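Student: Could we go through this model together, starting with how its helices pack? I would like to ask as we go.

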Amino acid sequence: MRRVVVKVGTHVLSDQNRLCEERILNLVEFLVALMKSHEVILVSSGAVAAGYSILKLDKKMLHNRQAIAAVGQPQLMAIYNKKLEKFGKSGAQLLLTADDFDSRKRCFHAKCTIDTLLDNGILPIINENDATATEELVFGDNDQLSSRVAYYFGADMLILLSDIDGYYDKDPHKHADASMRKIVNTIDPTELEMEKSTNFAFATGGIVTKLKAADFLLERNKSMFIASGFDLTDVKSYMLEGIHKGGTLFTCKTL
Ligand SMILES: Nc1ncnc2c1ncn2[C@@H]1O[C@H](COP(=O)(O)OP(=O)(O)O)[C@@H](O)[C@H]1O
Ligand SMILES: N[C@@H](CCC(=O)OP(=O)(O)O)C(=O)O
């Protein structure tokens, strides 16, 4: 079976400072359908958004953010497992940091854990270990973490489910005439220097971290697909029916 990593961002998972259970249920329903044809690994943000409804500290301070994430992570996992249970499935939590990928031994053990979980029909759910991710080591955004997960844990493709339905020639929230790029084969270095441009207070990524993730994967002959996480129609068409209607595919292969 082909292995695929699905990453979902904070904005998609939350609504007005709290997790949006309906959207998480739709996501889980899609993941369970995908698990019939693929080995699926989920990278999920949302710990800070979940924790903030319980612990309202100033999120700009690193230690506060870490504490909020520590409160929110078990809440996030509880919701995932509640939804997965409806489909007879279970999730497992892995919290990783950038330096886990620098250590061949730790990376090997994480991969073995994931292989065993997948062999047993469990959905691995990965987030950054915010409490130990110090300033020098932090990915800070799950876009780049998920590109490492895809590459080091043997996936062919990374799917980013975002608050935007694809990659445009300019920010579609600022330019009404922006048009979506359906297939991207190379990324120009200037594209990686755009302003951060995240569209949501709890999110840390933005379009540039998504492009950096794509750049990392394209250099290693892997693909990435960006589609909307609010409306799963495009990702379902592409992944479940093999039809590329909407969303942006980053691939080195010419189709
Ligand atoms: N060229 C672009 N194409 C698509 N989105 C862009 C572009 N430039 C800036 N953006 C912004 O990046 C946002 C996506 O990043 P972010 O809000 O961090 O998403 P997520 O929470 O899903 O990870 C979009 O909503 C959009 O406002
Ligand atoms: N580890 C953090 C991730 C924050 C983050 O990267 O958010 P996003 O840019 O929406 O993917 C959390 O769980 O809140």
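Predicted model: local features only at pLDDT ≥ 70, side-chain atom pairs only at ≥ 80, totals over all residues.

Student: OK, at what angle do the axes of H2 and H4 cross?

Tutor: The axes of helix H2, residues 21-34, and helix H4, residues 62-85, cross at roughly 55° and come within 9 Å. H2 is therefore oblique to H4, and the crossing of the two is right-handed.

Student: And which residues make the contact?

Tutor: On the H2 side they are Glu-21, Ile-24, Leu-25 and Val-28, and on the H4 side Ile-79, Tyr-80, Lys-83 and Leu-84. By class, 6 of the residues in this contact of H2 with H4 are nonpolar and 2 are charged, with no polar ones.

Student: What about H2 and H9, at what angle do they pack?

Tutor: H2 and helix H9, which covers residues 233-241, pack at an angle of about 10°, and their axes are 10 Å apart. An angle under 35 degrees counts as roughly parallel, and H2 and H9 are therefore described as roughly parallel to each other.

Student: Which residues meet there?

Tutor: Phe-30, Ala-33 and Leu-34 of H2 meet Val-235, Lys-236, Met-239 and Leu-240 of H9. The contact of H2 with H9 divides into 6 nonpolar residues, no polar ones and 1 charged.

Student: Staying with Ala-33, how many C-beta neighbours does it have inside 10 Å?

Tutor: Ala-33, which is found in helix H2, has 16 C-beta neighbours inside 10 Å and so counts as partly exposed. Its C-alpha atom is separated by 25 Å from that of Tyr-167, a residue 134 places away along the chain.

Student: Moving on, how do H7 and H8 cross?

Tutor: The axes of helix H7, residues 142-152, and H8 come within 8 Å and cross at roughly 20°, which means that H7 is roughly parallel to H8. The crossing of H7 and H8 is right-handed.

Student: Who is in that contact, and how do the residues divide by class?

Tutor: H7 contributes Asp-143, Gln-144, Ser-146, Ser-147, Ala-150 and Tyr-151, while H8 contributes Thr-209, Lys-210, Lys-212, Ala-213, Phe-216 and Leu-217. By class, the contact of H7 with H8 has 5 nonpolar, 4 polar and 3 charged residues.

Student: Now the largest nonpolar core: which residues touch the most other members?

Tutor: Of its 60 residues, those that touch the most other members are Val-5, Val-6, Ile-41, Leu-42, Leu-158, Ile-159 and Met-224. H4 gives the most to this core, with 6 residues.

Student: What does Ile-41 touch, then?

Tutor: Leaving out residues up to four places away in sequence, Ile-41 touches Val-5, Ile-114, Pro-124, Ile-126, Val-149, Phe-153 and Ala-155.

Student: And Thr-10, is that buried or exposed?

Tutor: Thr-10, placed in helix H1, residues 10-13, is buried, because 24 other C-beta atoms lie within 10 Å. Thr-10 and Ser-44 are 34 residues apart in sequence, and in space their C-alpha atoms are 8.0 Å apart.

Student: Last one: what is the phi of Asn-221?

Tutor: Asn-221 has a positive phi of about 65°, although it is not a glycine. Most residues other than glycine have a negative phi. Asn-221 has its place in the loop between helix H8 (207-218) and strand E11 (223-228), and it is exposed, with 11 other C-beta atoms within 10 Å.

How values were computed
Residues numbered from 1 in each chain as written. Chains lettered and ligands numbered in written order. Axes fitted to C-alpha atoms, helices over the stretch in contact; angles between N-to-C directions. Helix = DSSP H or I, 4+ residues; strand = E, 2+ residues; numbered from the N terminus. Parallel < 35°, antiparallel > 145°, perpendicular 65-115°, else oblique. Left-handed = near helix turned anticlockwise from the far one by under 90°. Contact = placed C-beta atoms within 7 Å. Nonpolar A, V, L, I, M, F, W, Y, C, P; charged D, E, K, R; others polar. Core = buried A, V, L, I, M, F, W, Y, C linked by C-beta atoms within 7 Å. Buried ≥ 20, exposed ≤ 12 C-beta atoms within 10 Å, placed from the backbone.
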